[in-house]
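Dear colleague,

Please find below the structure that I am handing over to you, followed by an account of what was found in it. I would be grateful if you read the text with the structure open beside it.

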Amino acid sequence: DAKTTQPNSMESNEEEPVHLPCNHSTISGTDYIHWYRQLPSQGPEYVIHGLTSNVNNRMASLAIAEDRKSSTLILHRATLRDAAVYYCILRGNTPLVFGKGTRLSVIA
Amino acid sequence: EAQVTQNPRYLITVTGKKLTVTCSQNMNHEYMSWYRQDPGLGLRQIYYSMNVEVTDKGDVPEGYKVSRKEKRNFPLILESPSPNQTSLYFCASSRVGQDIQYFGAGTRLSVL
């Protein structure tokens with residue numbers, strides 16, 4: 001499976017945008033880029049996914065580099081509720097493989 | 001409402017006493033999976049199933065069994081639990097392929 005690299009932790013102030021980076025230099029042409037997050041004491045939840053074009057939904061935006069070797073999850077205005085571990089995962093026709101993710105702390 | 005339901009949410013048992021953790025989904029998903037989560041090790045896949053009667057090992061299958069007799073259910077069976085199986089377990093489901101996965105709320109298991 002193609003691997004991803006994320007920073008272990010990041011910090012943000014409340015109400016400010018957050019950019020969570022992910023490197024995936026060995027991505028294959030058919031791999032989708034998925035982002036999940038896990039809030040404290042909860043199961044992982046889907047955030048967003050994309051293949052080549054940038055994607056927006058009610059939770060976040062996903063910016064994908066033109067060469068697809070990196071992507072950035074953008075939370076437009078961080079809230080305390082966004083404090084979680086964020087996982088960047090490449091998905092082909094294989095099961096999801098979770099890495100260590102990025103632990104996001106949000107400061108009031 | 002789309003749901004993945006795990007039961008029980010919390011379980012304390014003793015070494016060697018067989019137990020089953022149930023998982024049910026109401027979305028008619030083909031794909032179901034079990035993960036365990038341990039501090040410092042993240043989420044690791046135990047078993048997965050691509051459809052009814054089709055199961056396969058994940059990364060850490062030792063000590064576990066699964067069955068997929070019906071599309072909606074995917075129970076996790078510990079025939080002889082041991083303390084190293086104390087963990088937080090998650091069930092998940094999705095359509096086959098690149099679709100998003102839905103996770104249950106988790107089952108916290110302690111084996112004494």
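In this predicted model, A:C22 and A:C88 are joined by a disulfide, with their sulfur atoms 2.1 Å apart. The link of A:C22 and A:C88 is left-handed, with -80° about the S-S bond. Distant parts of the chain are linked by this pair: A:C22 belongs to strand β2 (residues 18-23) of chain A and A:C88 to strand β8 (residues 84-91) of chain A, 66 residues apart. Over all chains, the structure holds two disulfides.

Strand β2(A), which carries A:C22, also pairs with β7(A) in the antiparallel sense, over six bridges. Within this pairing, A:N23 has A:S70 of β7(A) as its bridge partner. On β7(A) there is a further antiparallel pairing, with β6(A), over four bridges. There, A:L62 stands opposite A:L73 of β7(A). In general, strands of a sheet pair through backbone hydrogen bonds, either parallel or antiparallel.

β6(A) and β7(A) form a hairpin, with five residues between them. The turn contains A:R68, whose place is in the loop between β6 (61-64) and β7 (70-75) of chain A. The phi of A:R68 is near 65°, a positive value in a residue other than glycine. For orientation, most residues other than glycine have a negative phi, and most peptide bonds are trans.

B:P8 lies in the loop between β1 and β2 of chain B.

As to the strands of chain B, an open sheet of four strands has the order β1-β3-β8-β7, with antiparallel pairing. β1 (4-7) and β7 (65-66) of chain B stand at the edges with a single partner strand each, so one side of each is left without a neighbour in the sheet. β1(B) is joined by four bridges to β3 (residues 19-25) of chain B, and the two run antiparallel. B:V4 has B:Q25 of β3(B) as its bridge partner.

A salt bridge is also found in chain B, where the side chains of B:K18 and B:E79 meet at 3.9 Å, N to O. This pair, too, links distant parts of the chain, with B:K18 in the loop between β2 (10-13) and β3 of chain B and B:E79 in the loop between β8 (76-78) and β9 of chain B, 61 residues apart. The structure holds eight salt bridges over all chains.

Lastly, what lies between the two chains? Contact involves 18 residues of chain B and 18 residues of chain A. About 1,500 Å² is buried between chain B and chain A, and carbon and sulfur atoms give 54% of that area. Between these chains there are zero salt bridges, while two residue pairs are in polar contact, both at pLDDT 80 or more. On the side of chain B that touches chain A, β4 (31-38), β5 (42-51) and β9 (87-94) of chain B each supply at least two residues. The residues of that side of chain B comprise nine nonpolar, eight polar and one charged.

With kind regards

Technical notes
Residues are numbered from 1 along each chain as its sequence is written. Chains are lettered from A and ligands numbered from 1 in the order in which they are written. This is a predicted model: local features need pLDDT of at least 70, side-chain atom pairs count only at pLDDT 80 or more; totals for chains, interfaces and linings use all residues. Side-chain values use heavy atoms; hydrogens and water are left out. Two strands pair if DSSP finds at least two bridges between them. Contact means heavy atoms within 4.5 Å. Buried area is the accessible area (1.4 Å probe) that two parts lose on being put together, summed over both. A salt bridge is a side-chain nitrogen of Lys or Arg within 4 Å of a carboxyl oxygen of Asp or Glu. A polar contact is a pair of N or O atoms within 3.5 Å; within protein, one must be able to donate a hydrogen and the other to accept it, and residues adjacent in sequence count only if both atoms are side-chain atoms. Ala, Val, Leu, Ile, Met, Phe, Trp, Tyr, Cys and Pro count as nonpolar, Asp, Glu, Lys and Arg as charged, and the others, Gly among them, as polar. A disulfide is a pair of cysteine sulfur atoms within 2.5 Å.
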